[in-house]
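Subject: Structure handover

Dear colleague,

Here is the structure I said I would pass on. My notes on it follow below.

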Amino acid sequence: MSSSCCGSKKQKVNHNQAMVPTAQPSGKMIASPEMCFYCFDVLYCHLYSLEQPRAPSFSNEAFPLFVTWKIGRDFRLRGCIGTFDAMNLHSGLREYSITSAIKDSRFNPISKDELPRLHVSVSILRHFENGNDFMDWEIGVHGIRIEFLNDHGSRRTATFLPEVAPEQGWDHIQTIDSLLRKGGYKGPVTPELRRSIRLTRYQSEKVSVSYQEYLNMWRAPRYGDLASSGGGSGMYGATASDGQC
């Protein structure tokens, strides 16, 4: 089941985080920059109607995941969609690279002209726990997924990834209230409504890469040799354009 991960407000960004994975407290690291390179390959091939890139070499374990596209120096959000169902990473990233780029209903589809200004982030979701109440999570550590009844009594869900609350400067209640609105709740947000929420908290490994970093890696000798041997150009068989950087 797909879900969008972020609000549409302008994001505050730590510009030193590119290509640096956010580690989990324990266990082996899953997220890697190669996952972001693969997302760029997939999007490039889609936009230019090329054959999709061959399977990447990183792990193909199954995890819930999200792909986020941002654009420009201010890192404006352009799309963010993922799934809480565990998917094999190769097929999951291939699917959600495109879904988040062209099917996020909050934005127009990403165009070819935007490629040189794009940044992509891959978030691998782990360590899911049920919260005792709507306050039982830590800002900057946990992402949250809430279940609630909307104004018409229908059950709805919504999520924010771990970085959303600190980027927006929200406290716990502001985050919950914003997430309720994101999930389509239009009535007054009361203490009773907040207490009725069923909350799941989780953590994520996140890695981010810019289009320029993607091109730099594509031009590196070992990847150029890899592309030549695979019958295409680009890291996994995609064709990158020098004229766009």
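A residue is called exposed when its relative accessible area is over 50%, buried when that area is under 20%, and partly exposed in between. Ser-49 has 69% relative accessibility and therefore counts as exposed. This residue sits in the loop between α1 and β2, and its phi is near 55 degrees, a positive value in a residue other than glycine. Please keep in mind throughout that this is a predicted model.

Overall layout

The protein chain has 7 helices and 7 strands. Along the sequence they run β-α-β-β-α-β-β-β-α-α-α-β-α-α. The chain has 245 residues, of which 51% count as buried. Taking contacts between residues at least 6 apart in sequence, 75% of them join residues at least 24 apart.

Backbone with positive phi

Most residues other than glycine have a negative phi. Besides Ser-49, whose positive phi is given above, I noted His-127, with phi near 60 degrees. His-127 belongs to strand β4, residues 118–130, whereas Ser-49 is in a loop. At 33% relative accessibility, His-127 lies between the 20% and 50% limits and so counts as partly exposed. A glycine with positive phi, Gly-153, comes up with the hairpin below.

Strands β5, β6 and β7

Strand β5 covers residues 143–149 and pairs with β7, residues 198–210, in the antiparallel sense over 5 bridges. Within that pairing, Gly-143 has Tyr-202 of β7 as its bridge partner. β5 also pairs with β6, residues 155–160, again in the antiparallel sense, over 6 bridges. Here Glu-147 is bridged to Thr-157 of β6. The hairpin of β5 and β6 has 5 residues between the strands, and Gly-153 in this hairpin takes a positive phi near 85 degrees.

Helices α1 and α6

How do α1 and α6 lie relative to each other? The axes of α1 (residues 33–47) and α6 (residues 211–219) come within 10 Å and cross at roughly 95 degrees. Angles of 65 to 115 degrees count as roughly perpendicular, so the two helices are roughly perpendicular to each other. On the α1 side the contact is made by Phe-37, Phe-40, Asp-41 and Tyr-44; on the α6 side it is made by Tyr-211, Glu-213, Tyr-214 and Met-217. Sorted by class, these are 6 nonpolar and 2 charged residues, with no polar ones.

Cysteines

How many disulfides does a search of the whole structure find? It finds 0. Cys-36 is in no disulfide, and the nearest cysteine sulfur, that of Cys-39, is 6.0 Å away. A disulfide would need the two sulfur atoms within 2.5 Å. Cys-36 has 0% relative accessibility and counts as buried. Cys-45 is buried too, with a relative accessible area of 1%.

Three buried positions

Ser-32 is in the loop between β1 (2–4) and α1. With a relative accessible area of 15%, Ser-32 falls under the 20% limit and is therefore buried. Leaving aside neighbours within four places in sequence, Ser-32 is in contact with Phe-58 and Val-207.

Pro-64 is part of strand β2, residues 62–71, and is buried, with a relative accessible area of 10%. Not counting residues up to four places away in sequence, Pro-64 touches a list of residues that includes Thr-83, Phe-84, Asp-85, Ala-86 and Met-87, and also Ser-123, Ile-124, Leu-125 and Phe-128. Asn-88 is 24 residues from Pro-64 in sequence, and their C-alpha atoms are 8.8 Å apart.

Ala-165 lies in helix α3, residues 164–168. Is Ala-165 buried or exposed? At 3% relative accessibility, Ala-165 counts as buried. Beyond its neighbours within four places in sequence, Ala-165 is in contact with Trp-137, Ile-139, Trp-170 and Thr-175. His-142 is 23 residues from Ala-165 along the chain, and the C-alpha atoms of the two are separated by 9.6 Å.

Regards

Notes: Residues are numbered from 1 along each chain as its sequence is written. This is a predicted model: local features need pLDDT of at least 70, side-chain atom pairs count only at pLDDT 80 or more; totals for chains, interfaces and linings use all residues. Side-chain values use heavy atoms; hydrogens and water are left out. Two strands pair if DSSP finds at least two bridges between them. Helices (H or I, at least four residues) and strands (E, at least two) are DSSP runs, numbered from the N terminus. Buried means under 20% relative accessible area, exposed over 50%, partly exposed in between (1.4 Å probe, protein chains only). Contact means heavy atoms within 4.5 Å. Axes are lines fitted to C-alpha atoms, for helices over the stretch in contact, and angles run from 0 to 180 degrees between N-to-C directions. Angles under 35 degrees count as roughly parallel, over 145 as roughly antiparallel, 65 to 115 as roughly perpendicular and the rest as oblique. Ala, Val, Leu, Ile, Met, Phe, Trp, Tyr, Cys and Pro count as nonpolar, Asp, Glu, Lys and Arg as charged, and the others, Gly among them, as polar.
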